[in-house]
Amino acid sequence: MLEKEPVPYKFKELKVYSSTEWLADNKKKYRQVFDRFEISYVYAELSFYNKLFDEEDWDISITLKCFSVVQGKRKELCKLDLNKKVSKYDSTVFLREGWGNKNEGSFWKKGTYYWEAYIEGQKEATKYFYVEDAGEAITEEHNPYLELRSLRLYEGPYDDMAEEDRAYYKTFSAEETRYIYGEFTFKNGNVGQKWQCELFSKFYNGAKELKGQVIRLQNVKKDEEFLTITAGWGSNHQGSWRMGAYTLELVFMDRLLAVIPFTVASEFQEGFPQVRLPNVRLPLILAPDDEQDETLETTLSRLDELIGLREIKQQVRDHAQYIKFLHLRREKGFPEEEPINIHSAFIGNPGTGKTTVAEMMGRIYQRMGLLSSGHVHVVDRVDLVGEYIGQTAPKVKEAIQKARGGVLFIDEAYSLARTNDDTKDFGREVIEILMKEMSNGEGDIAVIAAGYPKEMLHFLNSNPGLKSRFKLIYEFPDFLPQELAQIAQYACTRKRVRLTRSAKRKVDELITEAYRRRDYTFGNARFVYDLIEKAKINMGLRVIKKRDLDQLSKDTLQTLTLADVESIKLQRERYLPHIPIDQGLLEKSMAELDELIGMEPIKREIRELVDLVAYHRSQGKDVLNTFNLHTVFIGNPGTGKTTVARILTRIYKALGILERGHMIETDRQGLVAGYIGQTALKTTEKIDEAMGGVLFIDEAYALTTSAQHSGADYGNEVIQTILKRMEDHRGEFFVFAAGYPSNMESFLKANPGLRSRFDKILRFDDYSPLELDGIAIQMLKDKGYHLDGEAHTFLRSHLDFLHKYRDRFFGNARTVRTIIDQIIRNQNLRLSTLPKKERLQPDTIILADVQEFTNTPDQFIFNRKSIGFRSSDS
């Protein structure tokens with residue numbers, strides 16, 4: 001038997017197109033469905049690989065046939081015989097031929113057709129295409145085939161998922177996303193006949209590079225009023241999507257139907273994307289028909305179904321009724337001086353339902369004809385404030401345009417208002433642009449500013465115009481324990497799990513305990529959702545250890561047990577390191593303490609503490625729960641507070657109480673941010689720096705006194721944050737608060753929690769004249785100088801004088817240091833005037849060097865608030 005001679009080609013593809021427009025990479029606009037009014041010729045493109053590439057030229061014979069199919073019978077329309085010389089330089093060979101008439105709509109009629117391709121008499125491929133006729137041509141303004149009614153995006157596996165299992169997002173998680181699907185619902189405009197619908201879904205990245213394309217060919221049945229098509233692109237492996245901005249473009253019969261921007265970020269965000277339609281200036285939200293057809297009363301009923309929020313629901317209903325009343329007045333000819341105000345402030349802690357109610361408000365305003373779409377566009381300070389001059393205004397205007405037709409929801413709006421005297425913050429520019437928009441902008445927008453109660457009140461008071469724009473104020477209270485328990489049941493339903501009776505009781509206990517311990521950071525509904533999610537994770541870890549996983553029942557895979565709930569760790573367990581006593585560092589630090597002049601009571605107290613801690617450590621007792629080592633240092637300036645704090649920090653490190661043993665020094669400026677809401681973050685960062693060591697707050701009283709002058713309660717936010725971290729991270733760091741006696745008393749009384757946390761108080765008395773003299777002698781010694789007898793006597797009398805007339809601003813050791821620096825300067829100037837041979841005692845201070853300091857009480861009459869001494873003119 002003779003072997004079949006190998007052919008010099010390998011078939012690649014047979015495609016169909018009608019437009020002769022050239023595209024990149026030698027491509028055409030390939031399609032399978034055409035409108036009869038738009039086509040003149042229909043082309044077949046045959047392609048094959050050249051096996052003799054780079055070897056030799058050769059000849060090939062090709063035949064293309066086109067058939068129509070009518071009632072199952074085919075009719076040949078044309079037969080095209082072609083002979084072609086294949087060049088050895090072509091790795092892939094393309095051959096294109098068409099059939100029809102140059103007059104559009106004259107040759108091709110509605111029906112089914114196909115091309116057949118033959119190479120050297122051997123049939124290689126068949127490609128079907130369809131010509132449709134909706135009775136009129138497609139134009140830019142009108143599509144007789146389709147009307148896009150709803151568009152949603154969801155995440156799923158390669159083989160798609162059932163509609164009831166879909167969760168719809170406008171932002172996708174980079175780590176968890178596999179395929180991103182579009183769900184498109186169209187109203188059929190060609191109802192009277194069956195036809196073929198070909199939809200192109202093209203996914204682009206932020207650089208407008210084509211990431212993927214999906215083509216759906218769907219047979220539309222006669223009298224089918226609506227059709228839904230889904231198309232997705234991605235990978236079955238999570239993490240294949242990079243963070244960034246993307247667009248999905250829908251194309252039908254070579255016309256752009258819609259552009260859908262979406263984002264891939266760190267986590268999912270539920271909702272509907274904004275859709276840009278041709279010839280429509282502003283983006284729209286194309287919600288499903290059931291939500292579009294929802295009446296105002298249905299929307300209000302859905303609001304009533306929300307758990308809790310009794311007063312909010314009534315306030316929204318009253319607002320809706322009042323708008324109805326205003327509409328009625330207008331219909332009867334009563335003019336209104338001002339437009340209906342739909343801008344509002346939502347005040348409440350996290351997780352109290354502010355965003356959910358905002359979405360309801362958008363739908364309510366849309367049903368009442370106040371907004372065109374009712375969608376919600378969520379932004380915060382980062383989305384609105386630029387980094388440099390000229391950048392803020394465009395960002396704000398872009399956010400306004402995205403929200404046009406719906407609600408601009410500004411989360412943590414208070415962060416736009418820094419302190420009243422901060423004129424350099426771009427947040428002020430945001431507020432001014434928003435006020436202008438709310439007053440005399442294009443309209444068709446509702447602005448909702450949301451945030452914590454205290455901070456939002458400051459925000460509304462920060463600009464006189466804000467209160468007049470945000471006339472509607474909704475206060476969202478924390479959910480009650482019984483309401484949080486209902487939310488837990490709802491969360492279980494959403495997550496498709498159920499609680500056993502004992503597990504439910506335990507969840508209720510955790511909710512009640514969290515409610516009792518709550519502060520302004522309490523997450524409310526978010527806390528409950530997180531609780532159920534953690535229980536679900538524990539269930540998964542428990543179930544996955546079982547054998548015969550394939551045999552597990554659905555009930556086993558959805559039941560949360562008591563053990564699953566009890567295993568929840570609401571706070572991470574912290575294990576403090578066991579560090580042995582560093583005897584060498586301890587002895588060195590104690591020696592430094594002993595070398596300090598004066599402060600005997602403080603030294604005695606620290607020695608006693610060291611002895612007690614060492615004893616408890618030797619007995620294996622819990623030191624941190626026995627001693628409260630947060631300390632207040634009270635004393636006038638220059639009494640050694642910072643010096644002792646540094647030594648005490650090293651002592652705690654030597655005793656193994658502190659892990660790192662460093663000290664972070666700060667004051668009010670290092671803890672308070674420029675605007676409310678960010679102060680807690682700044683304080684937290686500073687505490688994080690101090691972990692394993694000491695946070696030393698100098699002039700701590702400034703945290704409680706500044707609010708009396710500025711009207712803003714920034715310092716109290718610092719205190720609340722520190723108190724919480726002291727409790728949550730007990731034993732992981734210590735706080736030393738230092739300041740003047742009278743001020744520190746007010747500081748400790750400003751918050752009930754302060755005195756209970758700082759039960760150790762070290763009082764630093766002013767130095768006595770003898771101690772001041774000793775400090776002076778030591779300072780001179782450290783610099784390599786000494787006093788002769790006359791100079792010492794004079795200096796001692798001056799220090800006695802300063803001590804006698806001291807007030808609460810007396811600088812103690814700081815004053816002595818200033819005097820010593822001036823004495824050394826005087827001595828150096830004196831010696832500089834002498835010939836080199838006469839400079840016999842360069843390290844001696846004589847009377848002439850100290851005589852400029854006078855002991856006259858008159859020098860204090862007009863300078864009572866100066867710190868230290870005042871030298872006379874000389």
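The structure is a predicted model, with local features needing pLDDT of at least 70 and side-chain atom pairs counting only at pLDDT 80 or more, while totals for chains, interfaces and linings use all residues. Residues are numbered from 1 along each chain as its sequence is written, and side-chain values use heavy atoms, with hydrogens and water left out.

Start with the charges. Side chains of opposite charge can pair when their charged atoms come close. Searching the whole structure turns up 39 salt bridges, a salt bridge being a side-chain nitrogen of Lys or Arg within 4 Å of a carboxyl oxygen of Asp or Glu. One of them joins R178 to E155, with 2.7 Å between the closest N and O atoms. R178 sits in the loop between β10 (169–173) and β11 (179–188), and E155 in strand β9 (residues 146–156), so this pair ties together parts that are 23 residues apart in sequence. Helices (H or I, at least four residues) and strands (E, at least two) are DSSP runs, numbered from the N terminus. As for accessibility, buried means under 20% relative accessible area, exposed over 50%, and partly exposed in between (1.4 Å probe, protein chains only). On that scale E155 is buried at 11%, whereas R178 is partly exposed at 23%.

R404 and E437 make another salt bridge, at 2.6 Å from N to O. Here the loop between α6 (392–403) and β22 (407–410) supplies R404, and helix α7 (residues 427–440) supplies E437, which links distant parts of the chain, 33 residues apart. R404 is buried, its relative accessible area being 3%, and E437 is buried too, at 13%.

Further along, D766 pairs with R806, the closest N and O atoms lying 3.0 Å apart. R806 is partly exposed, with 35% relative accessible area.

Now the helices. Helix α10 (residues 481–494) packs on helix α12 (residues 525–543) at about 50°, the axes being 9 Å apart. Axes are lines fitted to C-alpha atoms, for helices over the stretch in contact, and angles run from 0 to 180 degrees between N-to-C directions. The two helices are therefore oblique to each other (under 35 degrees is roughly parallel, over 145 roughly antiparallel, 65 to 115 roughly perpendicular and the rest oblique). Their crossing is right-handed, that is, the near helix is turned clockwise from the far one by less than a right angle. In contact (heavy atoms within 4.5 Å) are L484, I487, A488, Y490, A491, C492 and R494 of α10 with A525, V528, Y529 and I532 of α12. These residues divide into ten nonpolar, no polar and one charged; Ala, Val, Leu, Ile, Met, Phe, Trp, Tyr, Cys and Pro count as nonpolar, Asp, Glu, Lys and Arg as charged, and the others, Gly among them, as polar.

For α26 and α27, the axes come within 12 Å and cross at roughly 145°, again in a right-handed crossing. L795, H798, L799 and L802 of α26 meet T815, V816, I819, I820 and I823 of α27, giving seven nonpolar, two polar and no charged residues.

Finally, V275 belongs to strand β18 (residues 274–275) and is buried, at 0% relative accessibility. Between V275 and K51 there are 224 residues in sequence and 48 Å in space, C-alpha to C-alpha.
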